[in-house]
Amino acid sequence: MRATAKEAESWSSPTGRKETRSVPTSRTMTPFEKCPVCCGEIIERQVQKLLRGGRHTASITVPAEVCLHCGKRLYSRDVVKRFEEIRTKLARQETEEFQPIGQAFEVR
Ligand SMILES: [Zn+2]
């Protein structure tokens, strides 16, 4: 008789009570194992993201899960929240805490 995956995740404690192993919580990124777009393999890496708010642009390097096949980037909820904060600050010209790296130009 072979053990199913479900049986492998639980065992009997010394008291005879069945206990279920808790899922490790070290993984804080997106819950995707595969790319939701193309089912490609996903790896975690640092990526540079450009954010625009009003007339300003800001660059930030954040951890993301990147699809090796189609390049789709998946961000954690905290990172997306950070993007929104930065976009709002840019739109309100609250850029004191940001480091200037150069000028942005429009080509006509
Ligand atoms: Zn993909």
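Modeller: Strand S4 and strand S5 (residues 73-74) pair in the antiparallel sense, over two bridges, where two strands count as paired if DSSP finds at least two bridges between them. Strands (E, at least two residues) and helices (H or I, at least four) are DSSP runs, numbered from the N terminus. This is a predicted model, in which local features need a pLDDT of at least 70, side-chain atom pairs count only at pLDDT 80 or more, and totals for chains, interfaces and linings use all residues. Residues are numbered from 1 along each chain as its sequence is written.

Leaving aside neighbours within four places in sequence, Arg73 is in contact with Val47, Ala64 and Val66, a contact meaning that the C-beta atoms of two residues, placed from the backbone, lie within 7 Å. Arg73 and Pro63 are ten residues apart along the chain, and their C-alpha atoms are separated by 9.8 Å.

On to the other partner of S4: strand S3 (residues 42-53) and S4 (residues 56-67) run antiparallel and are joined by twelve bridges. Ile42 has Cys67 as its bridge partner in S4, and Arg45 stands opposite Ala64 of S4. S3 and S4 also form a hairpin, with two residues between them, and Gly54 in that turn has a positive phi of about 60°.

Taken together, the three strands form an open sheet in the order S3-S4-S5, with antiparallel pairing. S3 and S5 stand at the edges and each has a single partner strand, so one side of each is left without a neighbour in the sheet.

A helix is also part of this picture. H2 lies across S3 and S4 and runs at about 15° to S3; axes are lines fitted to C-alpha atoms, for helices over the stretch in contact, and angles run from 0 to 180 degrees between N-to-C directions. H2 has 15 residues, which should span 21 Å at 1.5 Å a residue, and its end C-alpha atoms are 21 Å apart, which agrees; the expected span is 1.5 Å times one less than the number of residues. Glu85 is found in H2 (residues 77-91), and Glu85 is exposed because it has 12 other C-beta atoms within 10 Å. Glu85 and Gly53 are 32 residues apart in sequence, and their C-alpha atoms are 10.0 Å apart in space.

Two backbone angles deserve a comment. Most residues other than glycine have a negative phi. Gln93, however, has a positive phi of about 65° although it is not a glycine, and it lies in the segment after H2. Cys39, placed in the loop between strand S2 (18-20) and S3, likewise has a positive phi, near 65°. Cys39 counts as exposed, with 12 C-beta neighbours inside 10 Å, and Gln93 counts as exposed with 11.

As for the setting, the protein chain has two helices and five strands, which run α-β-β-β-β-β-α from the N terminus on. Of its 108 residues, 6% count as buried. The chain averages a pLDDT of 82, and 71% of the residues score at least 70, pLDDT being the predictor's confidence in each residue, from 0 to 100. Over residues 3-13 pLDDT stays under 50. Where pLDDT is low, the predicted coordinates should not be read in detail.

Methods
Buried ≥ 20, exposed ≤ 12 C-beta atoms within 10 Å, placed from the backbone.
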